[in-house]
Amino acid sequence: MRSWRNYAYPHDTERPGLLVEHGATAWSDEVDLARTGPYRHPTGIAVLPMNTLPDHEHMFHGDLTPEELGDDSGRKVYTPAEWCDRVCRQTAAIAEAGGTVTILAHPLCIKIADDWATFERLCGFVARFPSVTATQAVERLEATPDAARVASAPDR
Ligand SMILES: [Zn+2]
């Protein structure tokens, strides 16, 4: 095992140390829109934060409708087109800052939202940027150990 992402992001303080103990070099359970890219956890493992709006929580699809959400949650949920626009803006801002973008888009969520139309638009946008594997992102971290945080509002 070289990398880890948990279902639904939960983790405790023991997780990073246990991952290092078992040989993992990259860990991606964190959602932090203010991060511009990977950073080094004190245990030594590289954290690859999801730094754009995750689709499942922030895009209307399936049972997550405006009617089901109601108006009392305060949760920011967008139409697929609005979600895609935000992710594209976040991607461009992070790329402009020299960072590494991690997008979380679940195949099932994307499929039921609009039968891949939004995902195809998103892929068309991100195709203009170079891509890296998790291993390459960790290697890049070695060269620039202090990943910056963007100063703008997390929702960009
Ligand atoms: Zn979903």
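At what angle do helix 5 and helix 6 pack, and how far apart are their axes?

1. Helix 5 (residues 107-114) packs against helix 6 at about 115°, and their axes are 7 Å apart; axes here are lines fitted to C-alpha atoms over the stretch in contact, with angles running from 0 to 180 degrees between N-to-C directions. Ile110, Ala113 and Asp114 of helix 5 make the contact with Ala117, Thr118 and Phe119 of helix 6, two residues being in contact if their C-beta atoms, placed from the backbone, lie within 7 Å.

2. This is a predicted model, in which local features need pLDDT of at least 70 and side-chain atom pairs count only at pLDDT 80 or more, while totals for chains, interfaces and linings use all residues. Residues are numbered from 1 along each chain as its sequence is written.

3. Helix 4 (residues 80-96) and helix 6 (residues 117-126) have axes that come within 10 Å and cross at roughly 15°, and the two helices are therefore roughly parallel to each other (angles under 35 degrees count as such). On the helix 4 side the meeting residues are Pro80, Ala81, Cys84, Val87, Cys88 and Thr91, and on the helix 6 side they are Thr118, Arg121, Leu122, Phe125 and Val126.

4. Leaving aside neighbours within four places in sequence, His56 is in contact with His106 and Cys109; His56 and Cys109 are 53 residues apart in sequence, yet 6.2 Å apart in space, C-alpha to C-alpha.

How values were computed: Helix = DSSP H or I, 4+ residues; strand = E, 2+ residues; numbered from the N terminus. Parallel < 35°, antiparallel > 145°, perpendicular 65-115°, else oblique.
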